[in-house]
Amino acid sequence: MIGSGNVLYHMTYIDDLIEGIVLCGRESGALGEIFTIGGETYTTLSELCNLIADILNKPRPMLKVPYKPVFAASVICEKFCNILKINPVLFPRRVEFFALDRAFSINKAKRILGYEPKVSLQEGIRKTARWYIDNKLISE
């Protein structure tokens, strides 16, 4: 884990996202409006990683690397790779994943669209993990 793991993430299972989009198309009050479609709750990145590890029966991540040195290395890596005209493996936008909160309110979608997420974070991760296993993209 890069950084503290305390940044917030608001996950959405695909079925809920599709339902939210469909509701936007059906509800006349949605015309010209902007909605955030998300899961019922958000979680910290650390809690999310632990949940994924638990569902996959893998050890929870323990190592935490300080954010600032990794971010500095990403800036240097990107500049150096640009000089060499190669794609950087580490760049600031990728490292910012570990520092920027992504927690939102879905209250407007609930109020205007009648949106109600149906798939919990745990259920969505279980279904997603099963899909990855069934498609041999990860092993059990």
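The lining of the largest pocket draws at least two residues each from helix H2 and from helix H6 (121-134), where helices (H or I, at least four residues) and strands (E, at least two) are DSSP runs numbered from the N terminus. H6 gives the largest share of this lining, with six residues. The model is a predicted one, in which local features need pLDDT of at least 70 and side-chain atom pairs count only at pLDDT 80 or more, while totals for chains, interfaces and linings use all residues. Residues are numbered from 1 along each chain as its sequence is written, and side-chain values use heavy atoms, with hydrogens and water left out.

The space in the largest pocket amounts to about 360 Å³. Its lining has 18 residues, and those closest to the pocket centre are Met 11, Leu 121, Gly 124, Ile 125 and Thr 128. On a 1 Å grid over the protein atoms alone, a pocket is an open set of points where a 1.4 Å probe fits, with protein on both sides within 12 Å along at least five of seven lines, and lining residues have an atom within 4 Å of a point. Grid points are joined across faces, edges and corners, and the volume is the space filled by probe spheres set on the points. By residue class, the lining holds 11 nonpolar, six polar and one charged; Ala, Val, Leu, Ile, Met, Phe, Trp, Tyr, Cys and Pro count as nonpolar, Asp, Glu, Lys and Arg as charged, and the others, Gly among them, as polar.

Turning to the whole chain, six helices and two strands are present, arranged along the sequence as β-α-β-α-α-α-α-α. The radius of gyration of the protein chain is 19 Å, well over the 14 Å that the globule rule gives for 140 residues, so the chain is more spread out than a compact globule. Here the radius is taken over C-alpha atoms, and the rule is 2.2 Å times the number of residues to the power 0.38. The C-alpha trace spans about 50 × 40 × 30 Å along its principal axes. The accessible surface of the chain is about 9,500 Å², with 59% belonging to carbon and sulfur atoms; such areas come from the Shrake-Rupley method with a 1.4 Å probe, and for residues only the protein chains shown count as cover. Of the 140 residues, 30% count as buried (buried means under 20% relative accessible area, exposed over 50%, partly exposed in between, with a 1.4 Å probe and protein chains only). Among contacts (heavy atoms within 4.5 Å) between residues at least 6 apart in sequence, 76% join residues at least 24 apart.

Asn 50 lies in H2, which covers residues 45-55, and is buried at a relative accessible area of 17%. Beyond residues up to four places away in sequence, Asn 50 touches Arg 60 and Pro 61. Pro 61 belongs to the loop between H2 and H3 and is partly exposed, at 41%. With neighbours within four places set aside, Pro 61 is in contact with Cys 49 and Ala 53 as well as Asn 50. Between Pro 61 and Tyr 9, the C-alpha to C-alpha distance is 17 Å, for a sequence separation of 52 residues.

Positive phi values complete the picture. Asn 57, in the loop between H2 and helix H3 (67-84), has a phi of about 60° although it is not a glycine, and is exposed at 72%.
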